[in-house]
Amino acid sequence: MRILLVEDDLPLARALHQSLRSEGFTANHVADAKSAMLTVTTNECDMLILDLGLPDMDGLTLLKQIRKNNNTLPVLILTARDSIEDKIKGLDQGADDYLSKPFDVNELIARLRVIERRLGTATSSTITIGNVCLNSASHQLSVAGQEVELSRKEFMLLKVLLEQAGRIQSREQLESKLYEWGEEVASNAVEVHIHHLRKKLPKAFIKTIRGVGYSVKAATSIES
Ligand code: CA
């Protein structure tokens, strides 16, 4: 699930962004309403974390505009305004949940998980193909019942391949996924990580389609 964090307090945004990523969420950050609107209208996010005090527009006004065209996008409001009236106003204008600053990041993650479960897109699911089983919440991989250690990047690449099983992922697509997750990517990084991944997986689990990319055969069952 791709989360868009709209927050102009940069130190807070950086810390949140980091926490979201380490919880396995794909997160993007923008610091003003205009950029948020652009990202939402181009359908580049599945959930919004919205600060109300933005430099170019009040967050509630932004929410109202978003709701004109998108009634289903889950929105969690973050704000220093903690009066009851503000909460009611936010929920009236279509927010799904509300957190008053300062808040505990674990509380935020817990609320996001609730929204995620409601959406049925929980990343806490386990993807199983053959005897390969990846838990995308705990980042645990087991192969034939044995636990296998993965680096962060290996986990991310394997997750994409499993989620897109049966489809070919080009090196560029995988590279851009790593960028999206905020990873530094060297020019041959994908090849290197795939090489390491292969040693940890059953033989021929990841296929190379020469000159095109990589794929994993589709025999997926996803359990929440
Ligand atoms: Ca603010």
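Author: Happy to! One term before we start: donors are N, O and S atoms within 2.8 Å of the metal, or 3.2 Å for Na, K and Ca. Also keep in mind that this is a predicted model.

Reader: Thanks! Which residues coordinate the calcium ion?
Author: Asp 8 (OD), Asp 51 (OD) and Gly 53 (O) do, at 2.2 to 2.3 Å. Along the chain, the spacing of these donors reads D-x42-D-x1-G.

Reader: And where do Asp 8 and Gly 53 lie?
Author: Asp 8 is in the loop between strand E1 (2-6) and helix H1 (10-22), while Gly 53 is in the loop between strand E3 (47-51) and helix H3 (59-69), so the pair ties together parts 45 residues apart in sequence.

Reader: What does 31% relative accessibility make Asp 8?
Author: Asp 8 counts as partly exposed at that value. Gly 53, at 41%, counts as partly exposed too.

Reader: Switching topic: at what angle do helix H6 and helix H8 cross?
Author: Roughly 80°, with the axes of H6 (residues 152-163) and H8 (residues 189-200) coming within 10 Å. That makes H6 roughly perpendicular to H8. The residues of this contact divide into 6 nonpolar, 2 polar and 3 charged.

Reader: Nice. What's the strand order in the open sheet of 3 strands?
Author: E10-E12-E11, with antiparallel pairing. E10 (169-170) and E11 (206-209) each have a single partner strand, so one side of each is left without a neighbour in the sheet. H6 packs on this sheet, touching E10, E11 and E12.

Definitions and conventions
Residues are numbered from 1 along each chain as its sequence is written. This is a predicted model: local features need pLDDT of at least 70, side-chain atom pairs count only at pLDDT 80 or more; totals for chains, interfaces and linings use all residues. Side-chain values use heavy atoms; hydrogens and water are left out. Axes are lines fitted to C-alpha atoms, for helices over the stretch in contact, and angles run from 0 to 180 degrees between N-to-C directions. Helices (H or I, at least four residues) and strands (E, at least two) are DSSP runs, numbered from the N terminus. Angles under 35 degrees count as roughly parallel, over 145 as roughly antiparallel, 65 to 115 as roughly perpendicular and the rest as oblique. Ala, Val, Leu, Ile, Met, Phe, Trp, Tyr, Cys and Pro count as nonpolar, Asp, Glu, Lys and Arg as charged, and the others, Gly among them, as polar. Buried means under 20% relative accessible area, exposed over 50%, partly exposed in between (1.4 Å probe, protein chains only). Two strands pair if DSSP finds at least two bridges between them. Contact means heavy atoms within 4.5 Å.
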